[in-house]
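Hello,

Here is the structure I promised to pass on. Please open it first, then read the notes below.

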There are 2 protein chains.
Amino acid sequence: MREFIKVKSAGFCFGVKRAVKLALKIAEKYNNKPIYTLGPIIHNKDVVDELKNKGIQVAENSDIKNSVVILRSHGVEKNVFEKLEKNNNIIIDAICPFVKKIHDCVNLLKKEDFFLVIIGDKEHPEVRAISSYADNGKYIVVSNVDEIKNKKLNYKKIGIVAQTTQSLENFLNICNELLKNKSEFRIFNTICDSTSIRQQETIEVAKKVDIMIVIGGKHSANTTRLAQLSKKILKDTYHIENEKEIEENWFKNKKKVGITAGASTPDYVIEKVIKKIRGIK
Amino acid sequence: MREFIKVKSAGFCFGVKRAVKLALKIAEKYNNKPIYTLGPIIHNKDVVDELKNKGIQVAENSDIKNSVVILRSHGVEKNVFEKLEKNNNIIIDAICPFVKKIHDCVNLLKKEDFFLVIIGDKEHPEVRAISSYADNGKYIVVSNVDEIKNKKLNYKKIGIVAQTTQSLENFLNICNELLKNKSEFRIFNTICDSTSIRQQETIEVAKKVDIMIVIGGKHSANTTRLAQLSKKILKDTYHIENEKEIEENWFKNKKKVGITAGASTPDYVIEKVIKKIRGIK
């Protein structure tokens with residue numbers, strides 16, 4: 001009989017759970033109007049398909065008029081928000097409250113005339129949205145400490161925020177380099193705990209099991225990271241998108257199975273994986 | 001023939017030069033009134049003696065009345081300042097402007113309800129003065145990262161200032177640890193450039209020589225720090241107050257001699273040390 005240890009914080013984070021729940025509620029309420037999410041609500045095809053079945057379409061751009069528009073957890077650029085409002089849409093705000101807090105920080109730093117450093121990935125929608133609130137243009141996005149090493153930032157006041165999914169290590173490295181400047185700093189550690197907790201718990205479980213199954217999109221940065229961290233502890237780590245990818249021979253002589261999943265993996269996918277493995281002799 | 005490499009920025013810093021100059025000027029102006037400095041104007045007996053010759057006494061406590069009182073570069077506790085004013089003294093403010101800036105930072109952080117972390121040595125007069133401005137009691141003094149390691153500081157808003165003579169390394173280590181908290185931070189890098197430049201230049205010289213002589217008061221925090229940093233690079237580092245402490249056997253087989261000095265060491269003391277070492281066979 002195989003034993004399963006599932007990482008407690010595996011799967012959807014608070015912000016995504018909240019957004020999906022809100023979307024499903026909206027689908028019931030506005031069943032006579034076109035409903036859109038601006039971009040996929042989450043990087044998971046199954047969830048997006050489920051929402052489509054309930055009548056929620058994914059809009060590819062912001063040219064939406066006279067509709068219901070759900071803003072996903074990542075947030076949205078300021079000018080896009082204004083455009084959607086102007087075009088007579090009903091806006092449903094499913095932006096993660098932790099992300100919204102970053103927008104508030106940026107507004108405060110802008111008001112107090114700080115030069116803004118956003119620690120994050122320039123092309124990520126969350127960062128694009130955050131940047132849009134620094135609409136005085138006084139900001140840079142830094143993803144890696146090497147980008148600012150030995151560069152003097154000649155600003156009297158430097159404000160720092162981080163994309164919610166940044167690693168603490170990267171955040172501290174970049175702050176460290178910036179703090180060498182003789183400036184006034186206002187720093188908001190806006191990293192979301194759920195990512196680091198999930199990583200930490202995954203490492204703990206990997207230490208206790210014979211095989212580790214990491215479930216999530218192959219393009220999901222946070223799932224890939226979980227697989228890397230697990231692999232450092234346990235060679236027998238497998239990153240899969242769903243139960244179809246499971247191979248029986250992986251489980252030969254493996255008694256204890258660890259299960260974890262990225263932030264975009266719904267519970268039912270995790271359940272299917274466990275069910276499939278239970279069936280393996 | 002021995003070679004000497006003297007650290008360019010060795011000796012008096014801007015703030016101390018300014019305070020001594022001001023004291024001498026005051027001695028001329030108020031030659032009919034008792035004149036005191038509150039504590040020695042700098043940690044150097046020779047300089048204090050020179051001032052004594054000009055009629056400037058060192059007061060051991062703040063019970064001074066109807067006199068001229070020179071506040072030294074380190075600054076002074078808020079209540080002491082108030083007491084001196086009340087007791088009909090003429091107060092001559094020779095506090096280093098960089099130290100005064102820290103007092104302003106503390107006032108700002110207090111007003112905006114930040115919990116204050118002062119990075120510095122608890123017993124140092126500069127830090128005692130800085131702390132006195134946090135008269136709401138919401139502060140701690142941290143001299144070493146180990147004092148706060150793995151301790152949660154449960155404050156929503158954390159403000160950080162540093163004693164002017166702290167090393168950048170210590171400042172960054174402590175900031176790094178604090179930044180792990182999910183708080184809002186307001187950080188002022190108040191380390192005085194003259195200190196870090198002197199430290200950096202001392203490290204560079206220590207790498208090039210066979211023996212390092214660090215000149216300055218044994219109780220001078222910044223001199224002690226120079227000696228520590230130098231010792232990390234070069235075991236043969238000696239911290240002396242003046243040329244009388246030099247021992248000939250230190251210099252056996254040492255060709256290149258590095259010389260550095262703390263912020264309170266006057267040039268003529270450095271010159272005497274070099275002269276003495278030149279005389280050693």
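Start in chain B, with B:Tyr36: its bridge partner in S4(B) is B:Val69. Keep in mind that this is a predicted model.

That pair belongs to a wider pattern. Strand S2 (residues 35–38) and strand S4 (residues 68–71) of chain B run parallel and are joined by 3 bridges. Both sit in an open sheet of 4 strands, ordered S3-S2-S4-S5 (chain B), with parallel pairing. At the edges stand strand S3 (56–59) and strand S5 (90–93) of chain B. Each has a single partner strand, so one side of each lacks a neighbour in the sheet. On average, neighbouring strands of this sheet are turned by 30 degrees against each other, direction ignored.

Next, helix H5 (residues 125–133) of chain B. Of its 9 residues, 8 are buried, so the helix is largely enclosed by the rest of the structure. The buried ones include B:Pro125, B:Glu126 and B:Tyr133. What do the buried residues of H5(B) pack against? They pack against helix H3 (78–86), helix H4 (97–111), S6, strand S7 (139–142) and S8 of chain B.

Last, the largest nonpolar core. It has 38 residues. A:Ile160, A:Phe171, A:Ile187, B:Ile160, B:Phe171 and B:Ile187 touch the most other members. Elements of chain A and chain B each supply at least two residues of this core, among them helix H6 (168–178) of chain A and helix H6 (168–178) of chain B. Take A:Phe171. Leaving aside neighbours within four places in sequence, A:Phe171 has contacts that include A:Ile119, A:Ile160, A:Ile187 and B:Leu179.

Best wishes

Conventions. Residues numbered from 1 in each chain as written. Chains lettered and ligands numbered in written order. Predicted model: local features only at pLDDT ≥ 70, side-chain atom pairs only at ≥ 80, totals over all residues. Heavy atoms only, no water. Core = buried A, V, L, I, M, F, W, Y, C linked by side-chain atoms within 4.5 Å. Buried < 20%, exposed > 50% of the residue type's maximum accessible area, 1.4 Å probe, protein only. Contact = heavy atoms within 4.5 Å. Pairing = 2+ DSSP bridges. Axes fitted to C-alpha atoms, helices over the stretch in contact; angles between N-to-C directions.
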